[in-house]
Amino acid sequence: MLIDRNGLPAADVWTYRGAHEPVTTQARSKDVLPLDAWLAANEQGTAPAGIRVQGHDDPERIAALLPQLELIVIEFPKSRDGRGFTLAKLLREKWHFDGGIRASGPLLPDQLAMLWACGFDSLLSPPDVPTARWHEAALAAAGRAARPRTLLERLTA
Amino acid sequence: MNAGNLISANRLHDGLVVWLDKQHNWVDDLAQAHVFDAQELDQAQAAAQAAQAANLIVDPVPRPAQLSDAGPVPVDFREQLRSRGPSVREDLGKQAGQDAVQAALAHAPALTVAPEHAGIYRYDASEREFLKERAKEFGQQVARRLSGELSEDAFKVYRLMNGLYLQLHGYMLRVAIPYGTLSAIQMRQLAYVANRFDKGYGHFTTRQNLQFNWPTLTDSPEILSKLADVDLHAIQTSGNCIRNVTTDQFAGAAKDEVVDPRVYAEILRQWSTDHPEFTYLPRKFKIAITGAPTDRAAVRFHDIGILARTNERGEVGFQIYAGGGLGRTPIVGTLVREWLPEADLLRFVEAILRVYNALGRRDNIYKARIKILIKEMQPAKFIEMIEEEFSRIALTHRPLSDEVVAAIRDRFVVPEFETLPEASSEFSQAYERDIEFRRWVDTCTHEHKVPGYISAVVSLKPAGGIPGDASSSEMLLLAELAERYSFNELRVTHEQNLVLPHVKRDELHALWTRLKEGGLATPNIGLISDAIACPGLDYCALANARSVPVAQRIALRFTEAQQRNIGPVTLNVSGCINACAHHHVAHIGILGVDKAGKENYQITLGGSADENAAVGKILGPGVTYEDVPQVIENILDRYLSLRNEGERFIDTLGRVGAEEFKGALHVD
């Protein structure tokens with residue numbers, strides 16, 4: 001289930017394809033391929049506009065592909081594995097990627113504010129999280145973002 | 001021969017230790033528990049799994065047991081302790097019976113109105129709202145856990161982020177005391193929480209925190225809310241995040257201080273709390289900062305260690321160490337930056353954290369700390385990477401401006417010190433006249449930067465006491481004395497003592513008299529009985545051996561006069577390799593291990609946590625629980641026979657070498 005920036009369920013125009021699916025994507029199509037499959041498709045000139053990477057993938061490797069991408073799905077293997085946060089942050093701040101960055105994996109609603117703060121703008125909800133929790137979390141995150149919490153935040157905002 | 005297995009677990013809502021009885025009901029009295037034989041065990045385990053799935057209990061495990069006339073007897077010492085309570089507090093836990101504790105608790109008055117500013121650092125109103133909000137959020141998370149919406153695994157992330165552990169006898173809440181600074185009103189509220197929600201005491205830790213050992217899960221959100229009323233919290237006291245920033249207990253008071261490190265510790269606290277990028281690191285992350293040439297914060301044994309100093313132009317800057325640590329792989333930190341300008345503090349720390357978060361190992365919990373990353377990638381390469389990341393973000397992130405530093409500094413309540421002469425005749429007369437007072441002054445005070453003032457250390461290590469424990473009545477007395485004698489201020493030391501930082505020399509004797517009445521004037525700071533001890537197997541789920549009674553028995557071995565004669569020596573006792581008591585960096589370190597089901601203790605000599613940072617070396621084979629005090633006495637006897645005039649234990653050891661002490665391990 002795709003959850004948008006506002007924490008609401010949204011229609012998903014993207015198709016997520018596995019590494020071994022025998023499909024041929026079209027160049028710049030709204031398909032998401034895992035990194036290696038994407039690179040293979042790119043060899044054939046058929047790389048889609050979406051890619052799925054892991055938090056531990058080397059950002060330098062992804063950086064070169066950014067001009068061809070509209071969506072990057074970052075996979076969190078565990079809710080407690082925070083590498084995806086740093087990866088998203090680097091994609092936004094170091095390489096100035098302005099397409100979509102989508103989180104996927106066993107994420108927790110209370111992580112939503114952190115995801116948004118690191119540059120994610122949507123997520124794929126794990127099936128066991130009630131959808132309403134994401135909306136609650138998004139409202140809380142928006143409230144918090146609008147009001148600096150600490151003196152440091154206020155003075156450096 | 002074992003009769004079979006108990007099925008042991010903790011009850012979800014209150015953490016209480018429970019066992020399965022014959023009918024597969026959970027009972028909290030071991031006598032009613034059933035020992036399942038091989039045929040019955042599968043069914044019992046299935047019942048336990050079902051109870052876990054039904055959110056009644058957590059972590060059910062089979063524990064071997066024998067049968068006696070009085071009922072089951074667990075084979076493991078750990079399970080025996082779970083069935084009784086701490087061996088060092090027979091008045092607590094199951095062994096104490098139902099009424100003992102409730103009857104023992106006096107009721108501390110609750111604060112009826114939350115004070116506008118409670119701490120020595122004055123929070124923004126929005127910060128307290130945030131803390132209240134977090135407490136409320138945690139209440140919702142607890143409700144979702146109890147209803148089963150959240151599994152234990154998912155909930156654990158939230159539970160740990162709020163400092164709530166599940167320990168040997170139940171839940172434990174670790175309250176952060178940022179850089180060890182407490183106000184009188186905060187101390188009072190801790191006493192209130194200890195009485196209202198716990199068992200009338202708290203345990204001060206080596207990371208300047210406070211642990212409550214008996215809260216229930218259902219009470220915890222309310223405890224957090226009560227703490228928030230006085231600007232205290234338990235955020236990030238657990239989990240793989242940036243933990244409480246620790247510092248010198250005499251910060252802002254010490255005569256030798258160059259820079260007040262609390263200002264930067266507070267900046268780091270604000271920056272790291274709820275940090276979006278660095279809350280799910282490979283492993284926990286500890287930062288310490290000091291601003292004096294004498295390192296009282298053990299900065300070289302932290303993930304990041306910061307030495308604040310000034311240059312020839314009087315500007316503040318920092319020397320930065322990274323990758324120090326204890327635990328399984330004790331290692332002195334690597335110097336990664338000789339001089340970091342004040343303005344770059346957060347940008348540089350961010351660069352270190354980013355490199356660590358991206359590259360730190362996550363495949364093996366024992367290799368996940370930053371110290372292993374630095375070792376594996378080589379310090380030079382690590383430094384190159386953080387400097388590269390630092391120069392990148394230095395282009396886009398704003399520096400920490402003078403104005404911001406000044407604004408945060410202004411939020412610290414500055415005591416209104418009087419202009420006093422350096423010498424106090426009242427003090428000198430008392431010092432001359434009263435030998436007992438003199439002995440306390442000689443060990444328990446520290447020079448203050450303001451003439452006429454002095455810092456007083458309150459020992460939480462009375463003979464036979466539990467290192468770091470303070471009862472609620474002691475907390476209340478100290479709150480009162482802080483108001484009366486120390487501008488409302490208290491400090492927690494990483495040696496598990498407390499400090500009244502700003503006492504007039506004129507009033508020191510009066511203060512001492514009050515402390516003495518309250519049993520808080522043990523004159524042993526820096527002496528052998530001022531031992532650091534982790535909770536050990538008496539409380540901790542990770543421990544392999546007890547540590548508190550080891551420290552107690554050593555302390556009781558020496559009279560005060562003998563301790564004074566031995567002079568300064570540090571003794572730290574850890575109950576497992578995680579080294580919460582920092583045994584590696586003590587002059588005499590003791591590590592408890594499990595040797596074929598028996599407690600066994602390894603002795604290390606020559607560690608040091610200060611500016612001469614060193615990791616102690618193992619002296620030889622481990623010794624039994626019973627023999628530890630004799631071995632320590634042997635070591636100190638050997639020292640007394642070897643020492644030159646005025647030579648401290650650590651210096652004699654350095655001169656003659658550890659070989660000279662090996663014989664001490666023999667006990668007849």
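Two residues count as in contact here if their C-beta atoms, placed from the backbone, lie within 7 Å. With that in hand, hello everyone, and let's start with Arg11(B). Leaving aside neighbours within four places in sequence, Arg11(B) is in contact with Leu16(B), Val18(B), Trp26(B) and Ile57(B).

A quick word on what you're looking at. This is a predicted model, where local features need pLDDT of at least 70 and side-chain atom pairs count only at pLDDT 80 or more, while totals for chains, interfaces and linings use all residues. Residues are numbered from 1 along each chain as its sequence is written, and chains are lettered from A and ligands numbered from 1 in the order in which they are written.

Back to Arg11(B), which sits in strand β1, residues 4-11 of chain B (strands are DSSP runs of E, at least two residues, and helices are runs of H or I, at least four, numbered from the N terminus). Is Arg11(B) buried or partly exposed? It is partly exposed, because 18 other C-beta atoms lie within 10 Å; buried means 20 or more, exposed 12 or fewer, and partly exposed in between, with C-beta atoms placed from the backbone.

Now to the sheet. Five strands of chain B form an open sheet in the order β6-β7-β10-β9-β18, with antiparallel pairing (two strands pair if DSSP finds at least two bridges between them). At its edges are β6 (164-166) and β18 (469-471) of chain B, each pairing on one side only. Three bridges join β9 (residues 201-204) of chain B to β18(B), and Tyr201(B) has Ser471(B) as its bridge partner there.

Lastly, Ile352(B): leaving aside neighbours within four places in sequence, Ile352(B) is in contact with Ile304(B), Ala322(B) and Ile386(B). Thanks, everyone!
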